[in-house]
Amino acid sequence: MDITTVADFNLVATHGGFGLASRASGQPKATLSRRVRALEESLGVRLVERGARKLKLTPEGAILHARTVDPFGEIAQVVEELKAGIGRPRGVLRVSAPLMFAHTAMGPLGAAFLRAYPEVRLEVTADDRLVDLVGDGYDAVLRFNPRPDDTLVGRRFMSDQLVLVAPPDLHRPQPGPSGDTEIQAIVRTGRAEVGPWKVVDTAGRVHTFRPQPVLCFSTPLLIRSAVLAGAGAAMVPRSVIAEDIVAGRLVEWGAAQAPPIEGWVLHASRRLVSPKVSAFVNFLCEHFN
């Protein structure tokens, strides 16, 4: 039995069809179908029900997939790495990144990564959706303040902070009788109740602002654009507006009294990590630290 046929069968089973597996792996659909049929012939059992509109595994196919998907996936990966020269980062590296981070950082990062590892072809998908790393065919995902997940491991590569910023010519009102300050604000879409915003200025003084929403946007980049246009103040990650503050286009009214925003690069929790994934994880961590 050729172990690559088992790997191809698991690829098809994981993605739920020959066409989806073909798009995820870059292998021709006909090749995957031929290899799965060869595996069935070598085992003497049917593994998939053919003719159905949606892929359905036979009971034998379900057992084979459940018992072999992890170990055979690792073995197949090691075989490919041995052929290529183990320890040498190369091949396609598929990464999912949040929209904001992808649009603001991944272009320069990708170029720098290419210079360091010219044999790796980095493919980045910008998506705020919580993708299924294995099921969607990714090698790594970037997430900010991720929820615990036993199937993923990784490293923190950056830490960010929310700051309250405003246009330089926006009048900063005085605190009201309660000690709070009402401000015209741009806020994130979908947040029915906003505030109060507690911030600490450079002198260590705590200020409380009560935002009065005038605009709602779904991403920090849109919020930044509205603040730059003079629509009001907003709470945004420092990394998004750091250059604007240095250039004087925006002023900072204080840093949020809130835990930092942590960026993590995650991959499948297994003992064998491919050289290209290890290289990408180390690259990100060294870049931001």
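## Cysteines and disulfides

In this predicted model, the number of disulfides is 0. A disulfide is a covalent bond between the sulfur atoms of two cysteines, and the structure holds 0 of these.

Cys285, by contrast, has a relative accessibility of 5%, and because buried means under 20%, Cys285 counts as buried.

## Packing of helices H1 and H3

Helix H1, which covers residues 3-15, packs with helix H3, which covers residues 29-43, at an angle of about 120°, and the axes of H1 and H3 lie 9 Å apart. The crossing in which H1 passes H3 is left-handed.

On the H1 side, the residues in contact are Thr5, Val6, Asp8, Phe9, Leu11 and Val12, and they meet Leu32, Arg35, Val36 and Leu39 on the H3 side.

## Arg94 in strand S3

Strand S3, made up of residues 91-97, contains Arg94. The relative accessibility of Arg94 is 17%, and because the cut-off for buried is under 20%, this arginine counts as buried.

When residues up to four places away in sequence are not counted, Arg94 touches Ala24, Glu123 and Thr125, together with Asp136, Gly137, Tyr138, Asp139 and Ala140. The contacts of this buried arginine thus include the acidic residues Glu123, Asp136 and Asp139.

Methods
Residues numbered from 1 in each chain as written. Predicted model: local features only at pLDDT ≥ 70, side-chain atom pairs only at ≥ 80, totals over all residues. Heavy atoms only, no water. Axes fitted to C-alpha atoms, helices over the stretch in contact; angles between N-to-C directions. Helix = DSSP H or I, 4+ residues; strand = E, 2+ residues; numbered from the N terminus. Left-handed = near helix turned anticlockwise from the far one by under 90°. Contact = heavy atoms within 4.5 Å. Buried < 20%, exposed > 50% of the residue type's maximum accessible area, 1.4 Å probe, protein only. Disulfide = S-S within 2.5 Å.
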